[in-house]
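Here are some quick notes to read alongside the model. Have it open in your viewer as you go.

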Amino acid sequence: MEEIIIYCDGGCRGNQSKTNIGAWGCVLIYKGVVKELSGGDVNTTNNKMELTAVIRALEVLTKYDIPVRIHVDSSYVLNGITSWINGWRRNGWKDSKKQPIKNQELWQQLYSLKTKFKDIEFIKVKGHSTNEGNNRADELCNLEMDKMGSYNWK
């Protein structure tokens, strides 16, 4: 059976600033057909954009019985969805210090989408390396931020 291959990336210019621009990009490949998606936001964070990329990619899929392989360069997304999320759910979406987890709504949305799929795997790839799919997702992300213009994010 064929697989749906997805590469996701997110970024933020001025990530720690009060005003910034962020974007996400993803590349979906199925039976040789490539679909690219991207979007952006202001006053966001890198982690939100990394999560949003995966969410937006999964949202466009309509068949849940085809294996899905999601490649991310974000350890935050990978560890969160494959490991940490079990404890968060068990502890009422609180971290080990009993504090509400950051980006809870996005994590809940991602978890809900993940559970729809019969066979879904998250795979870590090295960012800014030789992985063409990841590099293209990163490029889409940067093109989206470029389109947003010279937003004052300093």
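1. First, a term: a residue counts as buried under 20% relative accessible area, as exposed over 50%, and as partly exposed in between (1.4 Å probe, protein chains only).

2. Ground rules. This is a predicted model, where local features need pLDDT of at least 70 and side-chain atom pairs count only at pLDDT 80 or more, while totals for chains, interfaces and linings use all residues. Residues are numbered from 1 along each chain as its sequence is written, and side-chain values use heavy atoms, with hydrogens and water left out.

3. Overall layout. The protein has 4 helices and 5 strands, taking helices (H or I, at least four residues) and strands (E, at least two) as DSSP runs numbered from the N terminus. In sequence order the pattern is β-β-β-α-β-α-α-β-α. The radius of gyration is 15 Å, close to the 15 Å from the globule rule for 154 residues, so the protein is as compact as a globular protein of that length. (That radius is taken over C-alpha atoms, and the rule is 2.2 Å times the number of residues to the power 0.38.)

4. Contacts, meaning heavy atoms within 4.5 Å. Of those in the protein between residues at least 6 apart in sequence, 68% join residues at least 24 apart.

5. Now zoom in on helix α4, residues 132–147. Its buried residues are G133, N134, A137, D138, L140, C141, E144 and M145. Viewed down the axis of α4, these fall within an arc of 155°, so they line one face of the helix; the arc is that of the directions from the helix axis to the C-beta atoms. That buried set packs against β1 (4–13), β2 (21–30) and β3 (33–42). On the other side of α4, E132 and K147 are exposed.

6. At the start, a side-chain oxygen of N131 comes within 3.1 Å of the backbone nitrogen of G133. Just after the helix, G149 has a positive phi of about 85°.

7. What does E144 touch? Leaving out residues up to four places away in sequence, E144 touches A23, S38, G39 and G40. E144 is buried, at a relative accessible area of 12%.

Notes: A polar contact is a pair of N or O atoms within 3.5 Å; within protein, one must be able to donate a hydrogen and the other to accept it, and residues adjacent in sequence count only if both atoms are side-chain atoms.
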